[in-house]
Amino acid sequence: EQIGRALNDVAAYGADYGVEIRLEVHGRGTSEVPHIARIMEVADHPGCVVCWNCNQQDLAGEGLAHNFGLVADRIGTIHIHDLFSDYPWVELFALLNASGFDGWTLLEEGNKTADPVRVMKYYRLLWERMVSPENG
């Protein structure tokens, strides 16, 4: 409740400057989507959204679809870590497409490569395939 109220205050202030506040599904306890859902119940300011962090914790409990559904209407950003991982990317992007998601997707790639431009082009190809309407 304390975090949700604080987010409302920050989001109200940020709204005056065109700034959106993003709460990332990350950290001890708050990497669990049900905790984020509870925070967002309190943080009801439209300028406060969820940054879906694509963690293994997203799959916990009743699974990805259930956890996604807990905050689907509040997701404003997707933080992609590695499209080569075993995370269920196709399922996530189908859920995003079905929910009408129109926010940002960000990619953080931590692996070194001798040809970063080639890797970025490949990631873009994968991303474009996953966001296509046929995926939803």
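Is serine 132 buried or exposed? At 17% relative accessibility, serine 132 counts as buried (buried is under 20% relative accessible area, exposed is over 50%, and partly exposed lies in between, with a 1.4 Å probe and protein chains only). Serine 132 sits in the segment after H5.

## Ground rules

This is a predicted model, where local features need pLDDT of at least 70 and side-chain atom pairs count only at pLDDT 80 or more, while totals for chains, interfaces and linings use all residues. Numbering starts from 1 along each chain as its sequence is written, and side-chain values use heavy atoms, with hydrogens and water left out.

The H and E labels are DSSP runs numbered from the N terminus: helices are H or I with at least four residues, strands are E with at least two.

## Helix H5

H5 covers residues 116-131, which is 16 residues. From first C-alpha to last it reaches 22 Å, close to the 22 Å expected at 1.5 Å a residue (the expected span is 1.5 Å times one less than the number of residues). Tyr123, Leu126 and Met130 are the buried residues of H5. Looking down the axis of H5, these buried residues fall within an arc of 60 degrees, so they line one face of the helix (the arc is that of the directions from the helix axis to the C-beta atoms). Over on the other side of H5, you'll find Arg118, Met120, Lys121, Arg124 and Arg129 exposed.

What do the buried residues of H5 pack against? They pack against helix H4 (89-99) and strand E4 (104-107), where contact means heavy atoms within 4.5 Å. Take methionine 130: it counts as buried at 9% relative accessibility. Methionine 130 and leucine 96 are 34 residues apart in sequence, yet 9.8 Å apart in space, C-alpha to C-alpha.

## Helix H4 and its partners

Within H4, the buried residues are Trp89, Leu92, Phe93, Ala94 and Leu96. The buried residues of H4 pack against E2, H3, strand E3 (75-80) and H5. Just after H4 comes glycine 100, with a positive phi of about 80 degrees.

The axes of H3 and H4 come within 11 Å and cross at roughly 35 degrees (axes are lines fitted to C-alpha atoms, for helices over the stretch in contact, and angles run from 0 to 180 degrees between N-to-C directions). This crossing of H3 and H4 is right-handed; Leu64, Ala65 and Phe68 of H3 make the contact with Glu91, Leu92, Leu95, Leu96 and Ser99 of H4. As for the handedness, a crossing is left-handed if the near helix is turned anticlockwise from the far one by less than a right angle, and right-handed if clockwise.

## Helix H2 against H3

H2 (residues 33-42) and H3 have axes that come within 8 Å and cross at roughly 15 degrees. That makes H2 roughly parallel to H3 (under 35 degrees is roughly parallel, over 145 roughly antiparallel, 65 to 115 roughly perpendicular, and the rest oblique). The crossing of H2 and H3 is left-handed. Val33, Pro34, Ile36 and Ala37 in H2 meet Asn67, Leu70 and Val71 in H3.

The buried residues of H2 are Val33, Ile36, Ala37, Ile39, Met40 and Val42. They pack against helix H1 (2-15), strand E1 (21-24), E2 and H3.

## Cysteine 54

Cysteine 54 lies in the loop between strand E2 (48-52) and helix H3 (64-71). At 7% relative accessibility, cysteine 54 counts as buried. Its phi is near 55 degrees, a positive value in a residue other than glycine. Most residues other than glycine have a negative phi.
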